[in-house]
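Welcome to this tour! Please open your viewer and get ready to select residues as we go.

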Amino acid sequence: MRDEWRGWQEAAQAALYGDDGFYRRPEGPAGHFRTSVHASPLFAAAVARLLVRTAAELGTADVDLVDMGAGRGELVTGVLAALPAEGGADLAVRAYAVELAARPDGLDPRVEWCAEPPKGVRGLLFANEWLDNVPLPVAETGADGVERYVEVRTRDGAERLGAPVSG
Ligand SMILES: C[S@@+](CC[C@H](N)C(=O)[O-])C[C@H]1O[C@@H](n2cnc3c(N)ncnc32)[C@H](O)[C@@H]1O
């Protein structure tokens, strides 16, 4: 059987977001590590204040909140809960959680769960700890001085340098 090699982007995509990928597990990211979202309700309260300020700057009481890479919706749930105490009692908030994983059971029904960012929104888009989870190619300079894509062996994660970087 021949070894299968693929680029880092493809390998990370499969490991994180494939059918049995890390971020699709039922326990969610919070089952493995904490972010500011899980560490304290102070964080959601601060984002709630930011949403109130955003609505004021937009001159509206009707505002959208988009949580990009929402985990299991912990932040958006916390912000909705914190709004009344943070000066947002009169705001009409449409809350969206954008996530590749499935909607968790029992999530606040006010939260719309979507796989893609909603179009035409006006308000605050928040993406906490998202960019460090976007699969990208990895390149290294080879012994020959040429920048080459790093390839990963599917079987065991061994690495080798592949084709020169292009494009
Ligand atoms: C490190 S977790 C952060 C979760 C949460 N924002 C927090 O701070 O606790 C990154 C999340 O982004 C999600 N994600 C990654 N790429 C995404 C994409 N293209 N669209 C939607 N969600 C994405 C992952 O499934 C994962 O739940």
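Helices (H or I, at least four residues) and strands (E, at least two) are DSSP runs, numbered from the N terminus. This is a predicted model, in which local features need pLDDT of at least 70, side-chain atom pairs count only at pLDDT 80 or more, and totals for chains, interfaces and linings use all residues. Residues are numbered from 1 along each chain as its sequence is written, and side-chain values use heavy atoms, leaving out hydrogens and water.

**First stop: the strands.** Select S2 (residues 62-68) and S3 (residues 92-98): these strands run parallel and are joined by seven bridges. Two strands pair if DSSP finds at least two bridges between them. Click on Val66, and you will find its bridge partner in S3, Tyr96.

**Second stop: a loop residue.** Select Leu107, in the loop between S3 and S4. Is Leu107 buried or exposed? Leu107 has a relative accessible area of 11%, so it counts as buried (under 20%; exposed is over 50%, partly exposed in between, with a 1.4 Å probe and protein chains only). Show its contacts (heavy atoms within 4.5 Å): leaving out residues up to four places away in sequence, Leu107 touches Arg72, Gly73, Thr77 and Trp113. Leu107 and Arg72 are 35 residues apart in sequence, and their C-alpha atoms are 8.3 Å apart in space.

**Last stop: another loop.** Select Asn128, between strand S5 (123-126) and strand S6 (139-141). Asn128 is buried too, with a relative accessible area of 17%.
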